[in-house]
Amino acid sequence: MAPGWVALLHQGWGGRKPASSDGRHEPSDSRPGRRYYDVSPWYGLGLGERRYGNFLHNKNRDSYVLSSKLGKLLKASPHNNAKSNFPFSPSPNNVVFDYTADGVRRSIEDSLQRMGVSRLDIAFVHDISPDNKLLPTPWQEQFAIALKGAFPALSRMREEGIIKGWGIGVNTPEPILRVMQECDPDVCLLASQYSLIDHANALNNVFPVARQRNVKFVIGSSLNAGFISGSPRYNYGKTSWNIPRQYIEKRERLRAVAAQFGADLRTAALQFSAAPDVAAVLIVGAHTEAQVLANVSSMQATIPPEFWAELKRQNLIEQNAPTPTVA
């Protein structure tokens, strides 16, 4: 599958206002299938959007929810450095970071052209975060540009009906806390921050602010880039293969509890990340049809309540962490 994500629609997110009295949002088309797609100019430097657009451009635009990322403009050049970031992509593009108002409007226009669709539903300002080593200046300086440019421009676009909502998509908590406190986002992409392995900071520091500000989350990396289900890497980046010993040990303990209760650990990890009230959607990577089907099945499976109780008894998850309830 091309770079990009097919989401597991959990509670769903359909715009700034609740779609029903219980505050949940449903996709505009309730037929079976995955109905939320998350892409980015960054994924394959244009390749992800082109491939998803090839699939989506002739579908009923009201039948799915689509998000993409902003802040990284693609500039074609015969002397590009695309291979240094995506060695298997045929992209001719360099990346130019632009978090200004004009930059995000240009980014949306470019994405729509690459995908051949008429609109985005959600716009995420991408990787304006301390872990992004490619930024031309420190992230705080880029964030200050976005405070004056990208963020108010996106709020205006929301009011104009050009997009349904906006937020940021980052791997670290500080930018999400700042944007919730200083602006009016609707939904943020919380990547690499809420999983069975690592969730305390998001649970105790980020989620309370989100509830106060009425912000929901798209949860990314529920499996820590496949680590929980057996991948020999943890999250992303050039050092992802250098896995801290405490994470490996925790995974072994989680596996032991799962075996004790006859539970599938990958299924438990997905359901755990979907359990908080602020979690609207999971995005889970898959590159085969079998993996997509497995992910969908996991969201319909039942995990014994005793499994979650044992995780808390062994302090493998936070005592106040929400856990799935049996229907």
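A salt bridge here is a side-chain nitrogen of Lys or Arg within 4 Å of a carboxyl oxygen of Asp or Glu. By that rule, the structure holds 17 of them.

This is a predicted model, in which local features need pLDDT of at least 70 and side-chain atom pairs count only at pLDDT 80 or more, while totals for chains, interfaces and linings use all residues. Residues are numbered from 1 along each chain as its sequence is written, and side-chain values use heavy atoms, with hydrogens and water left out.

**View 1. Overview of the protein chain.** We count 11 helices and 10 strands; these are DSSP runs numbered from the N terminus, with helices being H or I of at least four residues and strands E of at least two. Of the 327 residues, 53% count as buried. Buried means under 20% relative accessible area, exposed means over 50%, and partly exposed is in between (1.4 Å probe, protein chains only). Take the contacts (heavy atoms within 4.5 Å) between residues at least 6 apart in sequence: 72% of them join residues at least 24 apart.

**View 2. Glu49 meets Arg114.** The closest N and O atoms of this salt bridge are 2.6 Å apart. Glu49 sits in helix α1 (residues 47–56) and Arg114 in helix α3 (residues 101–115), so the pair ties together parts that are 65 residues apart in sequence. Glu49 is buried, at 0% relative accessibility, whereas Arg114 is partly exposed at 22%.

**View 3. Helix α3 and its surroundings.** With 15 residues, α3 reaches 22 Å from its first C-alpha to its last, close to the 21 Å expected at 1.5 Å a residue (the expected span is 1.5 Å times one less than the number of residues). Its buried residues include Val104, Ile108, Leu112 and Met115. What do the buried residues of α3 pack against? Their partners are α1, β3 (65–70), β4 (72–76) and α5 (150–160).

View 4. Arg255 and Glu252 pair up with their closest N and O atoms 2.8 Å apart. The two are 3 residues apart in helix α8 (residues 245–260), so about one helical turn separates them. Arg255 is partly exposed at 33%, and Glu252 is partly exposed at 39%. Glu159 and Arg158 also form a salt bridge, at 3.3 Å from N to O; Glu159 is exposed at 60%, but Arg158 is buried at 9%. Elsewhere, Arg61, Asp62, Arg119, Asp121 and Lys164 are linked in a salt-bridge network.

**View 5. The nonpolar cores.** A nonpolar core is a set of buried Ala, Val, Leu, Ile, Met, Phe, Trp, Tyr and Cys residues joined through side-chain atoms within 4.5 Å. The largest one has 75 residues, and Phe151, Leu196 and Phe217 have the most contacts inside it. Beyond its neighbours within four places in sequence, Leu196 touches residues including Ile228, Leu254, Phe272 and Trp308.

**View 6. Helices α9 and α10 cross.** The axes of α9 (residues 265–274) and α10 (residues 289–300) come within 9 Å and cross at roughly 65 degrees. Those axes are lines fitted to C-alpha atoms over the stretch in contact, with angles running from 0 to 180 degrees between N-to-C directions. The contact involves Arg266, Thr267, Leu270, Gln271 and Ala274 of α9, along with Ala294, Asn295, Ser298 and Met299 of α10.
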